[in-house]
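Here is a short briefing for a first look at a protein chain. Keep the sequence and the 3D view open while reading.

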Amino acid sequence: IEAVTGVQTCALPIFKEGINAGVWSVGVVIGSSQMGLSYEEFNNLNYDDKNEVIRNTEEKFIKIGADFTIKTMEELPKLIEKINSLISEGKRPNAK
């Protein structure tokens, strides 16, 4: 296997597994356990509060080892293209 990407909505243990396995780790923000809100609770927030929750959750995912974050799974195909490009340049996951 040349490349693997792990896409997660939960926190620390899964990202540590990704780091140990040498795979690209992606945190999915909206609906994640890391965000701490149900989908309904999130949707009831105003625009500014939604953006703050998203920003805070992205920061948490990066801090615990995610290589990237995406707001929803709709963003994954474009991110996979970016990861493929990084791989073609010889880049590796978790190279911070």
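The points below go from the whole chain to its helices, its strands and a few single residues.

This is a predicted model, in which local features need pLDDT of at least 70, side-chain atom pairs count only at pLDDT 80 or more, and totals for chains, interfaces and linings use all residues. Residues are numbered from 1 along each chain as its sequence is written, and side-chain values use heavy atoms, with hydrogens and water left out.

**Whole chain**

- The protein chain has 4 helices and 3 strands. Helices (H or I, at least four residues) and strands (E, at least two) are DSSP runs, numbered from the N terminus.
- From the N terminus on, the order of elements is β-α-β-α-α-β-α.
- The chain has 96 residues, and buried ones make up 32% of them. Buried means under 20% relative accessible area, exposed over 50%, and partly exposed in between (1.4 Å probe, protein chains only).
- The accessible surface comes to about 6,100 Å². Carbon and sulfur atoms hold 51% of that surface. Areas come from the Shrake-Rupley method with a 1.4 Å probe; for residues, only the protein chains shown count as cover.
- Take the contacts between residues at least 6 apart in sequence: 59% of them join residues at least 24 apart. Contact means heavy atoms within 4.5 Å.

- Strand E2 covers residues 24-28. Because 5 of its 5 residues are buried, E2 is largely enclosed by the rest of the structure.
- In a regular strand the side chains alternate between the two faces of the sheet.
- Both faces of E2 are covered. Trp24, Val26 and Val28 are buried on one side, and Ser25 and Gly27 are buried on the other.
- E2 pairs with strand E3 (residues 68-70) in the parallel sense, over 3 bridges. Two strands pair if DSSP finds at least two bridges between them.
- Val28 has Ile70 of E3 as its bridge partner.
- Val23 lies in the loop between helix H1 (12-21) and E2. Its relative accessible area is 13%, so Val23 is buried.
- Val23 and Asp67 are 44 residues apart in sequence, yet their C-alpha atoms are 9.3 Å apart in space.

**Helix H3**

- At 1.5 Å a residue, the 17 residues of H3 should span 24 Å, and the end C-alpha atoms are 24 Å apart, which agrees. The expected span is 1.5 Å times one less than the number of residues.
- Val53, Ile54, Thr57 and Phe61 are the buried residues of H3. They cover an arc of only 100 degrees around the axis, so they sit on the same side of H3. The arc is that of the directions from the helix axis to the C-beta atoms.
- Asp48 and Lys63 are exposed on the other side of H3.
- An α-helix has 3.6 residues a turn, so residues three or four places apart point the same way.
- Thr57 counts as buried because its relative accessibility is 2%. Not counting residues up to four places away in sequence, Thr57 touches Val29, Ser32, Gln34 and Met35.

**Helix H4 and what follows**

- Helix H4 takes in residues 76-88. Its 13 residues should span 18 Å at 1.5 Å each, and its end C-alpha atoms are 18 Å apart, which agrees.
- Leu76, Leu79, Ile83, Leu86 and Ile87 are buried in H4. Their arc around the axis is only 100 degrees, which puts them on the same side of H4.
- Pro77, Lys78, Glu81 and Ser88 are exposed on the other side of H4.
- The whole structure contains 1 salt bridge. A salt bridge is a side-chain nitrogen of Lys or Arg within 4 Å of a carboxyl oxygen of Asp or Glu.
- The side chains of Glu89 and Lys91 meet in a salt bridge, at 3.3 Å from N to O. Lys91 is partly exposed, because its relative accessibility is 43%.

**Two partly exposed residues**

- Lys71 sits in the loop between E3 and H4. At 35% relative accessibility, Lys71 counts as partly exposed.
- Leaving aside neighbours within four places in sequence, Lys71 is in contact with Val28, Val29, Ile30, Ile54 and Glu58.
- Asn43 is in helix H2 (residues 39-43). Asn43 is partly exposed, with a relative accessible area of 35%.
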